[in-house]
Amino acid sequence: MEIFKQNRCIALLVGVILVCFSAISLFSPGVITEGQNTQQLDSIGGAGHAAAAALTDQQQSATAYRISRTVINTPVFYTSAAGLSHYWQDKHKAEWFGPDKLKLAKAAVKQPVQPKATLMKAPPAVQTALKQAAAKGSQTVNKVSTASQHNPPLKLFFSRTKLLSQEQQAEATWSYAVSEEDLLLLQKIVMAEAEGEPYQGKVAVANVVLNRLRSANYPDTIYEVIYQKSQFSPVANGRLKRVTPNEDSIKAVNAALSGVKEVTDDTYFFLSLQLAQDLTVHHSRTYAKTIGNHTFYK
């Protein structure tokens with residue numbers, strides 16, 4: 001004690017040191033060694049990185065700064081100055097900007113990878129069966145089309161107002177049996193009247209003949225309808241006897257007999273306005289449709 005009395009300066013210095021240590025122990029969670037500080041930083045840093053994934057960029061920056069302030073403001077004693085620098089560079093990829101700031105690298109926020117949608121393929125046996133069915137269906141359609149072109153119906157079914165299909169025969173009020181002579185004559189009149197016309201125009205000419213066959217205002221056979229006086233110019237000028245039906249004319253007649261209609265069932269006239277010498281039909285009948293050079297009337 002005598003030594004302290006004689007050296008008051010030394011005693012005062014020792015007192016100041018004791019007061020500082022007392023203050024530190026009151027305001028800090030305790031003195032942490034470098035190894036203990038590593039565990040604390042790990043827990044703080046891990047929590048910060050987990051929280052950053054759910055925040056916006058601005059919120060992440062603010063959170064990172066608060067975490068860095070918490071770490072810096074915690075009184076820690078390190079055995080070496082290089083320990084802190086090595087820890088943050090290797091563990092948390094941080095950069096030291098000053099004694100009171102520590103900027104954490106933003107956690108990489110990865111968007112969840114959505115699995116690519118994959119189409120389930122049918123087994124090979126099922127695929128083969130489907131292909132065969134599709135091919136068979138195509139062949140069936142082609143056979144039906146070919147049948148209608150080369151094997152037209154031999155019997156027509158009519159109601160009072162229209163030509164019916166073969167499936168509608170139960171609705172028919174009367175029927176007409178098509179002879180080979182009728183078929184050839186119908187093909188020849190289509191060829192004579194519409195040789196240079198579009199295919200649809202050929203079908204429409206056949207439609208007009210069949211519409212007249214159905215109507216009570218015209219004869220009851222194809223032969224009589226075609227040879228009715230002053231109705232079809234190829235009959236009068238002899239062209240009807242000279243022509244040989246081409247492939248399009250034959251197909252057009254078969255289509256019309258099978259129920260294909262390019263004009264309505266109440267269409268009974270057609271003429272070429274450029275060639276016709278008598279325009280009575282044009283002035284007295286209702287216009288229906290124009291196909292190629294032919295104008296059709298009701």
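A residue counts as buried when its relative accessible area is under 20%. In this predicted model, S159 has a relative accessible area of 12% and is therefore buried.

**The surroundings of S159**

S159 lies in the loop that runs between strand 3 (155–158) and strand 4 (163–164). Residues up to four places away in sequence set aside, S159 touches L164, E171, T173, W174 and R214. One of these contacts, R214, is 55 residues away from S159 in sequence, yet the two C-alpha atoms are 8.0 Å apart in space.

Three strands make up an open sheet with the order 6-8-7, and their pairing is antiparallel. Strand 6 (269–271) and strand 7 (287–291) stand at the edges of this sheet and have a single partner strand each, so one side of each is left without a neighbour in the sheet. From one strand to the next, the twist averages 20°.

Helix 8 packs on this sheet, where it touches strand 6, strand 7 and strand 8, and the direction of helix 8 makes about 30° with that of strand 8. 

The pairing can be followed strand by strand. Strand 7 and strand 8 (residues 294–297) are joined in the antiparallel sense over four bridges, while strand 6 and strand 8, which also run antiparallel, are joined by three bridges. Strand 7 and strand 8 form a hairpin with two residues between them, and G292, which lies in the turn, has a positive phi of about 65°.

**A glycine in helix 8**

G201 belongs to helix 8. With a relative accessible area of 1%, G201 is buried. When neighbours within four places in sequence are left aside, G201 is in contact with I291 and F296. The C-alpha atoms of G201 and T295 are separated by 9.6 Å, although the two residues are 94 residues apart along the chain.

**Two helices that cross helix 12**

Helix 12 (residues 247–257) is crossed by helix 8 (residues 199–214), and a crossing is also found between helix 12 and helix 7 (residues 180–194). The table sets out the axis distances and the crossing angles of these two pairs.

| Helix pair | Axes come within | Crossing angle |
|---|---|---|
| Helix 8 and helix 12 | 8 Å | roughly 50° |
| Helix 7 and helix 12 | 9 Å | roughly 120° |

Sorted by class, the contact of helix 8 with helix 12 has nine nonpolar, two polar and three charged residues.

Helix 7 and helix 12, with axes that cross at roughly 120°, are likewise placed so that helix 7 is oblique to helix 12. Helix 7 passes helix 12 in a right-handed crossing. The residues that make this contact are L183, L186, Q187, V190 and M191 of helix 7, together with S249, I250, V253, N254 and L257 of helix 12. By class, the contact of helix 7 with helix 12 has seven nonpolar, three polar and no charged residues.

Note on methods:
Residues numbered from 1 in each chain as written. Predicted model: local features only at pLDDT ≥ 70, side-chain atom pairs only at ≥ 80, totals over all residues. Heavy atoms only, no water. Axes fitted to C-alpha atoms, helices over the stretch in contact; angles between N-to-C directions. Nonpolar A, V, L, I, M, F, W, Y, C, P; charged D, E, K, R; others polar. Buried < 20%, exposed > 50% of the residue type's maximum accessible area, 1.4 Å probe, protein only. Contact = heavy atoms within 4.5 Å. Pairing = 2+ DSSP bridges. Parallel < 35°, antiparallel > 145°, perpendicular 65-115°, else oblique. Left-handed = near helix turned anticlockwise from the far one by under 90°.
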